[in-house]
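Me: I would like to go through a structure with you and ask what stands behind each label. Could you set each value against its definition as we go?

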Amino acid sequence: MKRGQGNRGGQQILFRLEDPLTARFGSTFFTGLPTNPGVYFFTGEADRLLYIGQSANLRARIGSYRHVAQGRHPRRSLRLVAGIRRIEWELCESPVHAIARERELLLERRPPFNRAGVWIGPPWWLAGETVTGVLRLQLTREPQGIGPLPPSFRYLLGPLLRGVQRVLVPELPLHAYPHGLTRSTVPLSLSIPSPDPESAWQLITGFATGETEPLLALLEQVPATESPALAEFWQEERERLEAYTPKFTPPNRMAERIADAPLGRTTAIERLI
């Protein structure tokens with residue numbers, strides 16, 4: 001596990017509100033991060049673990065937190081960034097290993113800023129109805145529609161619906177998306193205007209049940225945005241989609257798997273000053 005430490009030299013560092021992490025750690029820290037897949041850890045005051053995440057590219061993912069800003073991101077994300085005092089990471093052999101390692105660590109450590117993955121809850125079902133120009137969706141605990149879906153699907157639904165909207169209406173800017181889709185956690189029930197609600201429903205149900213490649217391939221064909229901040233936002237959304245594991249594992253079987261799973265490969269500890 002490798003580490004970056006804030007408050008260099010024991011002195012408090014004043015930082016710009018729009019980019020506290022660069023001022024706290026220095027730009028060379030972020031350019032020196034590895035591009036390997038792995039798991040990362042954000043720690044606050046008194047060595048309190050705040051958040052655990054994973055990425056296929058640690059440099060890109062950790063660096064994206066420098067652009068968390070008021071008005072563009074939820075208050076929860078702003079509080080997380082403001083509290084980070086140390087950044088550590090653990091390299092993994094592949095993105096698949098990083099996903100598995102994150103899942104294991106979340107259940108073991110349960111950081112306060114993580115929502116999905118810190119406990120094994122009941123499954124979800126997704127019901128949908130298409131009418132002219134509108135797709136109506138409801139995420140429910142009741143067995144109806146598509147399911148059972150993993151407990152973490154609640155937090156994947158937003159990136160999934162935004163990804164489908166981006167594929168079907170690529171010219172529509174993010175700020176013009178239906179109100180429910182611009183929230184970090186979308187409502188459990190919502191109606192989405194769509195030029196092709198049938199295709200939207202097929203992409204959603206296919207992805208939810210494990211056919212993830214069609215949507216990911218279509219997202220690759222969407223023209224890149226010129227805004228660096230938006231480009232990083234869409235990259236983060238894509239990483240969340242790529243990390244999706246559609247199979248729901250009951251709590252008793254998940255506990256058995258974690259108990260039997262080997263620990264991930266770690267690197268030597270180095271301090272970055």
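Reply: Let us begin with Pro148, whose place is in strand β7 (residues 146–149); helices (H or I, at least four residues) and strands (E, at least two) are DSSP runs, numbered from the N terminus. This is a predicted model, in which local features need pLDDT of at least 70 and side-chain atom pairs count only at pLDDT 80 or more, while totals for chains, interfaces and linings use all residues. Residues are numbered from 1 along each chain as its sequence is written, and side-chain values use heavy atoms, with hydrogens and water left out.

Me: What makes the peptide bond from Gly147 to Pro148 cis?

Reply: Its omega is near 0°. Most residues other than glycine have a negative phi, and most peptide bonds are trans.

Me: Which loop holds Ala46, and why is Ala46 called exposed?

Reply: Ala46 lies in the loop between β2 (38–43) and β3 (49–55). Its relative accessibility is 77%, and exposed means over 50%, buried under 20% and partly exposed in between (1.4 Å probe, protein chains only). Ala46 also has a positive phi of about 55°, although it is not a glycine.

Me: What about Asp47: why does it count as exposed?

Reply: Asp47 has 56% relative accessibility, so it counts as exposed. Asp47 lies in the loop between β2 and β3, and its phi is near 55°, a positive value in a residue other than glycine.

Me: Why is Glu239 called buried?

Reply: Glu239, placed in helix α9, has a relative accessible area of 10%, so it is buried. Leaving aside neighbours within four places in sequence, Glu239 is in contact (heavy atoms within 4.5 Å) with Gln54, Ser55 and Arg61.

Me: How do you know on which side of α8 the buried residues lie?

Reply: The buried residues of α8 (residues 213–221) are Leu215, Leu216 and Leu219. They cover an arc of only 100° around the axis, so they sit on the same side of α8; the arc is that of the directions from the helix axis to the C-beta atoms. An α-helix has 3.6 residues a turn, so residues three or four places apart point the same way. The face turned away from the buried side of α8 carries the exposed residues Glu213, Glu220 and Gln221. What covers the buried residues of α8 includes α6 (153–168), α7 (197–208) and α9 (228–242).

Me: What makes α6 largely enclosed by the rest of the structure, and what span should α6 have?

Reply: Of the 16 residues of α6, 14 are buried, so α6 is largely enclosed. The expected span of a helix is 1.5 Å times one less than its number of residues. For α6 that should give 22 Å, and its end C-alpha atoms are 22 Å apart, which agrees.

Me: How do you know that β6 and β8 pair?

Reply: Two strands pair if DSSP finds at least two bridges between them. Here 5 bridges join β6 (residues 134–140) to β8, and the two run antiparallel. Val134 stands opposite Pro193 in β8.

Me: What is called a cavity, and how many of 30 Å³ or more does the structure hold?

Reply: On a 1 Å grid over the protein atoms alone, a cavity is a set of points where a 1.4 Å probe fits but cannot get out. The structure holds 1 cavity of 30 Å³ or more, and about 60 Å³ of space lies in the largest cavity. The largest share of its lining, 4 residues, comes from α6; lining residues have an atom within 4 Å of a point.

Note on methods:
On a 1 Å grid over the protein atoms alone, a cavity is a set of points where a 1.4 Å probe fits but cannot get out, and a pocket is an open set with protein on both sides within 12 Å along at least five of seven lines; lining residues have an atom within 4 Å of a point. Grid points are joined across faces, edges and corners, and a volume is the space filled by probe spheres set on the points.
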